[in-house]
Amino acid sequence: QLRIAVFASGQGSNFQALADAAVQVKLGGSIELLVCDKPDAPVVERARRAGIDAWVFTPKDYASREAYEAEILAELQRRGVGLIVLAGYMRILTPVLVEAYAGRMINIHPSLLPAFPGMNAIRQALEHGVKVSGVTIHFVDGGLDSGPIIAQRTLDISEGETEAMLADRIHAAENVLYPWAVRAIAEGRVSLNGRRVSLDAAVDFGEY
Ligand code: GAR
């Protein structure tokens, strides 16, 4: 079965949704490791409670991004990790990891990409005044939130919606969509052809 590493920096609601799906045998794989760049992040405690090993580090202890990524890569290879799932991991990755896991690393982003990449995507969308926003899951390439798109969900923005309200609705959508997408990949139902991603016609996990 597919061995998965989740990378996260913050609250970890998506990490939790993935860990819960794994316990319910709905993920199609096992979460071998959490990688976290913030020792105080709530996601670290979530991993401890779920009994999932965590590789927690402080970037400034290293001479370069490549230096800590090389250590992470060695740990992932030692554990036979076949898929990296970025879940609110707020660091740009270097080619050390991006190339080693090309086609085997995915990210979730709180907007309809290619609109509003980067930080504070929810605020960017509201400040722009869009009427529809949503969630995107994509393969990771060398750019910022730029890789081939696997799945998207839209949310209509209501009159007077605040950033906190929209963030809550986006997180709820993400927490459903991300385990679904990981399962589709684990079951071999997702194929990547250049920039296009196709999903097996049989992909339909109604229970999510
Ligand atoms: C999620 O909304 C995710 O889409 C976003 O960080 C949040 C993490 O929430 N990621 C990005 O903005 C990446 N550019 P969580 O810690 O509760 O899973």
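How far does a polar side-chain atom of N14 lie from an oxygen atom of the ligand? The distance is 2.9 Å. This is a predicted model, in which local features need pLDDT of at least 70, side-chain atom pairs count only at pLDDT 80 or more, and totals for chains, interfaces and linings use all residues. Residues are numbered from 1 along each chain as its sequence is written, and side-chain values use heavy atoms, with hydrogens and water left out.

Polar contacts here are pairs of N or O atoms within 3.5 Å.

Now take the whole shell. It holds 13 residues around the ligand, and G12, S13, N14, H171 and E174 come nearest. A residue is near if one of its heavy atoms lies within 4 Å. Three shell residues are nonpolar, eight polar and two charged. Gly counts as polar in this scheme, while Asp, Glu, Lys and Arg count as charged.

Which elements give two or more residues to the shell around the ligand? They are α1 (13-23), β5 (105-109) and α6 (163-186). Helices (H or I, at least four residues) and strands (E, at least two) are DSSP runs, numbered from the N terminus.

F57 and Y68 form a tilted pair, 4.7 Å centre to centre with 40° between the planes. F57 sits in the loop between β3 (54-56) and α3 (65-78), and Y68 in helix α3, 11 residues apart.

Two backbone details remain. Most residues other than glycine have a negative phi, and most peptide bonds are trans. V25 has a positive phi, near 55°, in the loop between α1 and β2 (29-36). A cis peptide bond joins L113 and P114, with omega about 10°. P114 is in the loop between β5 and α5 (121-128).

Conventions
Polar contact = N/O pair within 3.5 Å; in protein donor to acceptor, adjacent residues only side chain to side chain. Phe/Tyr/Trp six-rings, centres within 6.5 Å; stacked < 30°, edge-to-face > 60°.
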